[in-house]
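Please look over the structure below before reading the questions and answers that follow.

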Amino acid sequence: MNTKLKWSDPEFHDEIPQKETSDLGKTQKSQVHLVALLAQITDKGSQLSDLVVNRIRSEVPQYSVVPPASHREVVAGQVAGILAGLQEQRTPSPSQISGARELGRRRAAQGIALGNVIEAYHIAYREIWNELLELSRAENAGTSEPLLSVVALLWNWFHRLSAAVAEGHSDELRSNSTTRAVIQREFLHALISGTALQHRALATSLGFDPDGPFQVACIEGFPRHLSARLDEELAGNGGAVLFDDERTVVVLQNVAAPEFLERLHALASTAIAGVGHTRTGLSGATDSVKDAQLVLTRACKLGRSITLAEDWLMAILDNSAAHLRPLLRHGTEVAARNDRLAETLRAFATSGFSLSACARELRVHPNTVKYRLDRWRELTGWDVHDVEGLVASLRCLEG
């Protein structure tokens, strides 16, 4: 009767070629060493966890937002789970994958970028591997051969857990993005309708101080697909991009207008913004929206971004163009028929209302400038040396 030989039977070894027996012995020996190494490192688990936490917080500054006690608890649990998995020669369990996914969501909610989260995982696995390597060489006369069988398994743990973390992180960002977009739309409606005072929570949820200063910009020609990117740049610095079906509006609180315009034009060089005046509180934010809408008309006419402070008078006059047209029609017709008079008026305005500076710009004698300005007064009745005549004259040149 043929019976299957067992390892304990002497005959078993007689049937194994000498080389195979030798190889088998080496494999078993390596496995014994590996089990011993993993047992040793498991006994030092708390020290290893503290080392990993310290390395992460030193090398990834964003982790300063994570409370140290919470961070140690998470890392200790992960290190213990990985070491147990290596000892049991298994991959991460479904509950460990789920835990990594939840951790990704938590880190996203804490504002830690995905790249930094993955870097923290790299650090953890690096320190686990270094500890294994050091112990192996100390125990095995400088050789790390017992670790060869665990390389693939350790990499599997890193790959699967980091993939789960990335998935959870992305899910949270998508959820946050959707929620933020809804709040942005509601806040914009409240600003435009003048009901923002009744919705302080909307401002707070977007990171604004409801009682602080607000400055608003209205934008034309800004690609909608870039709105999320601009919003991301501004969100951490007291700013938000709001938009509905008709307009793109940026609300600023801790970002100066020049800095904002620089960022805007870096993303979209052809975008044109009208920036309102800085005003206080939510009612002030509503007024700044009106400012921005007012000055945007002027900015589009000039073909460049401007602030209300730069060109408030002409912005107001542009806004009242329909009402002023009948009053200014005669002057507009005079300007249209007399190119040199119109040219001299523009140069006079851009030369600081100086006859000599205007003459230098036009390359004519100052008396020629005086003659043309006098002629303008005769034809229109407006003297550019008094405020009303100057404003009316300049508005006529706008057409």
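**Aromatic pairs and a pocket**

Q: Are Tyr125 and Phe158 buried or exposed?
A: In this predicted model, a residue counts as buried when its relative accessible area is under 20%. Tyr125 and Phe158 both fall into that class, and the word asked for is buried.

Q: Which kind of aromatic pair do Tyr125 and Phe158 form?
A: Tyr125 lies in helix H6 (residues 114-139) and Phe158 in helix H7 (residues 148-193), so that the pair links parts of the chain 33 residues apart. Their ring centres are 5.2 Å apart, with 70° between the planes. Because planes over 60 degrees apart count as edge-to-face, the pair of Tyr125 and Phe158 is edge-to-face.

Q: Which kind of pair do the rings of Phe208 and Phe214 form?
A: Phe208 and Phe214 are both buried. With ring centres 5.5 Å apart and planes at 55°, the pair is therefore tilted.

Q: Which residues form one aromatic cluster?
A: The count of aromatic pairs comes to 6. Tyr125 and Phe158, which form an edge-to-face pair, also belong to a cluster, whose members are Tyr121, Tyr125, Trp155 and Phe158.

Q: Which element gives the largest share of the lining of the second largest pocket?
A: The second largest pocket has a volume of about 390 Å³, and its lining of 16 residues includes Arg298 and Asp311 among those nearest the centre. Helices H12 (308-319), H14 (339-350) and H17 (387-397) each give two or more residues to this lining. The largest share, 6 residues, comes from H12.

Notes
Residues numbered from 1 in each chain as written. Predicted model: local features only at pLDDT ≥ 70, side-chain atom pairs only at ≥ 80, totals over all residues. Heavy atoms only, no water. 1 Å grid on protein atoms, 1.4 Å probe; cavity = no way out; pocket = protein on both sides within 12 Å on 5 of 7 lines; lining within 4 Å. Points joined across faces, edges and corners; volume = space filled by probe spheres on them. Helix = DSSP H or I, 4+ residues; strand = E, 2+ residues; numbered from the N terminus. Phe/Tyr/Trp six-rings, centres within 6.5 Å; stacked < 30°, edge-to-face > 60°. Buried < 20%, exposed > 50% of the residue type's maximum accessible area, 1.4 Å probe, protein only.
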